[in-house]
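Student: I've got a model open and I'd like to talk it through with you. Can we start with how the pieces get named?

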Amino acid sequence: MTPWEMLAVFATSIGAGALNTVVGSGTLITFPLLLAIGLPPVTATVTNALGLIPGSISGAVGYRRELRGQSRRLRKLSVAALLGGLGGATLLLALPATAFEMIVPVLVGLALVLVLLQPHLAKLLRHRRPEAPGTPPHHDGGRGLFAGLLLAGVYGGYFAAAQGIIYMSLMGLLLDETPQRLNAAKNVLVAVVNAAAALVFLLVADYDWTAVALIATGSALGGHLGAEAGRRFRPATLRFLIVAVGGVALVHLLVR
């Protein structure tokens, strides 16, 4: 890379780290740039996934206040994210590059609809599925959320763009929590999925270490900045941002 390309990767990764922490879809900023500087698509995907791990961790640390009281839930859901991330990374290396081109826009589009309708759908589900007398409520979302996050983790390990939006839509539907606390949990799950995928990539995939280092440094800084800004948003504002950014992501996936 030329010095100007290195500067562009670093600056872009700051924005990607902040965007991932607040909403998701930071990959849509860094991935096209890696392609533009000459990395092959799979190498760019692997390089991007490795580089964004510190940003996910930084965002989770920045939201540590909102993570209080969620440790038990996250231990269980992180198992789903870990298994999904390993499976998705394996699929990325085993399947043709075009294998998910049809299903990815459908998943992102469905996630956006769920985020948009989440308050109404969650209320409807709570009324239609009251807990049986004497049965403690599923504070971790039950088997449905575990299975949904497992499949979403496969998607995240395969192609990271907009994975956070899918996690937010699933948790918002099945957990009775504020959007900010869900966003904090989302950052932890994204970090787990990306780290799981990295375990596979480090062993068998090609990547560009210079780009990884630049993205890692920039995304860590961006993740911290994103956490500081993101917790100031009201629930409706945060939901609007998720839908807006996700809409851009959907258009990008459809026309690329």
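Tutor: Helices (H or I, at least four residues) and strands (E, at least two) are DSSP runs, numbered from the N terminus. Keep in mind that this is a predicted model, where local features need pLDDT of at least 70 and side-chain atom pairs count only at pLDDT 80 or more, while totals for chains, interfaces and linings use all residues. Residues are numbered from 1 along each chain as its sequence is written, and side-chain values use heavy atoms, with hydrogens and water left out.

Student: OK, how many helices and strands does the protein chain have?
Tutor: Going from the N terminus, the elements read α-α-α-α-α-α-α-α-α-α-α. That gives zero strands and eleven helices.

Student: What percentage of the residues count as buried?
Tutor: Buried means under 20% relative accessible area, exposed over 50%, and partly exposed in between (1.4 Å probe, protein chains only). The protein chain has 256 residues, and the buried part comes to 51%.

Student: Which helix holds Asn-187, and is Asn-187 buried or exposed?
Tutor: Asn-187 sits in helix 9. Contact means heavy atoms within 4.5 Å, and beyond the neighbours within four places in sequence, Asn-187 is in contact with Asn-20, Thr-21, Ser-56, Gly-59, Ala-60 and Tyr-63. Its relative accessibility is 3%, so Asn-187 counts as buried.

Student: How do helix 3 and helix 9 pack: what are the angle and the distance between their axes?
Tutor: Axes are lines fitted to C-alpha atoms, for helices over the stretch in contact, and angles run from 0 to 180 degrees between N-to-C directions. For helix 3 (residues 41–51) and helix 9 (residues 179–204), the angle is about 130° and the axes are 9 Å apart.

Student: What word describes that angle, and why?
Tutor: Angles under 35 degrees count as roughly parallel, over 145 as roughly antiparallel, 65 to 115 as roughly perpendicular and the rest as oblique. Helix 3 and helix 9 are therefore oblique to each other.

Student: Which residues of helix 9 make the contact?
Tutor: On the helix 3 side you'll find Val-46, Ala-49 and Leu-50. Their partners on helix 9 are Asn-194, Ala-198, Phe-201 and Leu-202.

Student: What about Asn-48: buried or exposed?
Tutor: Asn-48 belongs to helix 3. Not counting residues up to four places away in sequence, Asn-48 touches Thr-27, Thr-30, Phe-31, Leu-34 and Ile-215. Its relative accessibility is 2%, so Asn-48 counts as buried.

Student: How far apart are the C-alpha atoms of Asn-48 and Leu-34?
Tutor: Leu-34 is one of the buried residues of helix 2 (residues 27–36). Along the chain, Asn-48 and Leu-34 are 14 residues apart, and their C-alpha atoms are separated by 8.0 Å.
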